[in-house]
Amino acid sequence: MKLSIIVPCYEEEKVLKKFYNITTEILTQNNYNYEIIFVNDGSKDNTKNIIKDLSSNDKKVKFASFSRNFGKEAAMLAGLTFASGDAYIIMDADLQHPPSLIPEMVKGYKEGFDQVIARRTRKGESVSRSSVSKLYYRLINKFVDVELTDGIGDFRLLSKRAANAIVKMQEYNRFSKGLFSWIGFEEKVIEYDNIIRGEGESKWTFSKLLSYGIDGIISFNNKPLRVTIYLGFFVTLLAVLYVIFSFFQKVIYGIDVPGYFTTISSVLILGGIQLISLGVIGEYIGRIYYETKRRPHFIIEDQSIERE
């Protein structure tokens, strides 16, 4: 079998050589027939030049470099598109995805599993971050049509047929965690302890994580739209009950001057609900807008491989 290691890179100049040395040592020790595909996602540092140097010195190293930053989702799709192996492993270059798990993942593949998934434990993380993550997965699993597991991300081995299924899904707004779950196939999960990033800085800011979380909720279901309908009916029911209550109050006690608090409260509550509903609808319309444009997921500026 031939193993393709797919490595999305964005400003990873401080760890690339270390990642390459550790990974190639493990691959060589196990006598794997392999290729390493680095996908440079429009890095502004020296990442591209380092990757090109590695490629020129090692025929098993290939690369594709984007014309700008298109995001990790596009980088993973490019890697899966360019890879020529029988099995594909997607992993980050920051060494938080330990290369030492590669032999165990390959073993799972040889046992017949189409997806061998590395699940990260929360050991060593701050209580606040761990709690927020657990809460997020509890909430998102109530909304989405696929099952997402805390600690499971992009670090996994895919068989060729599983990878082909992912590549066939050409939607512009991609959420790979959901796509990996949606395609199904037999899965095996391997757990590993959380690893603190050794070099460089994480590119995942709070705003990016929040945006990614919203993508996860919107990308795989229409439940938020259904919730707005239920919310509309609920508010309408409350309004009808309020009108009936006010009518009988006027009949029994007579007409008095309308209260300022009641007016302001109803305007603010109804206005807030309307804005939230419009925002949810707008998210779906925006995604439809981008899908209809049919733009490419990425643009290649430089590469050492060709699509098959």
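These questions and answers go through a predicted model of one protein chain.

Colleague: How many helices and strands are in the protein chain?
Modeller: The chain has 308 residues, and 42% of them count as buried. Its secondary structure comprises ten helices and eight strands.

Colleague: In what order do the strands form the sheet?
Modeller: The sheet is open and its pairing is mixed. Its edges are strand 7 (187–192) and strand 8 (300–303), each pairing on one side only. From one strand to the next, the twist averages 20 degrees. The order is 7-5-6-4-1-2-3-8.

Colleague: What is the bridge partner of Val 116 in strand 6?
Modeller: Strand 5 covers residues 115–120 and strand 6 covers residues 152–159. The two pair in the antiparallel sense, over four bridges. For Val 116, the partner in strand 6 is Leu 157.

Colleague: At about what angle does helix 1 run to strand 2?
Modeller: Helix 1 (residues 16–29) lies across strand 1 (2–9), strand 2 (33–40) and strand 3 (61–66). Its angle to strand 2 is about 165 degrees.

Colleague: Is Asp 154 buried or exposed?
Modeller: Asp 154 forms a salt bridge with Lys 72, with the closest N and O atoms 3.0 Å apart. Asp 154 lies in strand 6 and Lys 72 in helix 3 (residues 72–82), so the pair ties together parts 82 residues apart in sequence. Lys 72 is partly exposed at 24% relative accessibility. Asp 154 has 11%, and buried means under 20%, so Asp 154 counts as buried.

Colleague: Which residue does Arg 119 meet in a salt bridge?
Modeller: Arg 119 sits in strand 5, and its partner is in strand 7, 72 residues apart. Arg 119 is partly exposed at 22%. The N to O distance is 2.9 Å, and the partner is Glu 191.

Colleague: How far apart in sequence are the parts that Glu 111 and Lys 188 tie together?
Modeller: These residues form a salt bridge, with the closest N and O atoms 3.1 Å apart. Glu 111 lies in the loop between helix 4 (102–110) and strand 5. Lys 188 lies in strand 7, so the parts tied together are apart by 77 residues.

Colleague: What is the area of the nonpolar surface patch that includes Phe 248?
Modeller: Phe 248 is in helix 9 (residues 223–253). At 48% relative accessibility, Phe 248 counts as partly exposed. Other members of the patch include Leu 231, Phe 234 and Ile 252. The patch area is about 770 Å².

Notes
Residues are numbered from 1 along each chain as its sequence is written. This is a predicted model: local features need pLDDT of at least 70, side-chain atom pairs count only at pLDDT 80 or more; totals for chains, interfaces and linings use all residues. Side-chain values use heavy atoms; hydrogens and water are left out. Two strands pair if DSSP finds at least two bridges between them. Axes are lines fitted to C-alpha atoms, for helices over the stretch in contact, and angles run from 0 to 180 degrees between N-to-C directions. Contact means heavy atoms within 4.5 Å. Patches are made of residues with over 30% relative accessible area and no salt bridge: like charges are joined within 9 Å, nonpolar side chains (Val, Leu, Ile, Met, Phe, Trp, Tyr) within 5 Å. Accessible areas come from the Shrake-Rupley method with a 1.4 Å probe; for residues, only the protein chains shown count as cover. A salt bridge is a side-chain nitrogen of Lys or Arg within 4 Å of a carboxyl oxygen of Asp or Glu. Buried means under 20% relative accessible area, exposed over 50%, partly exposed in between (1.4 Å probe, protein chains only).
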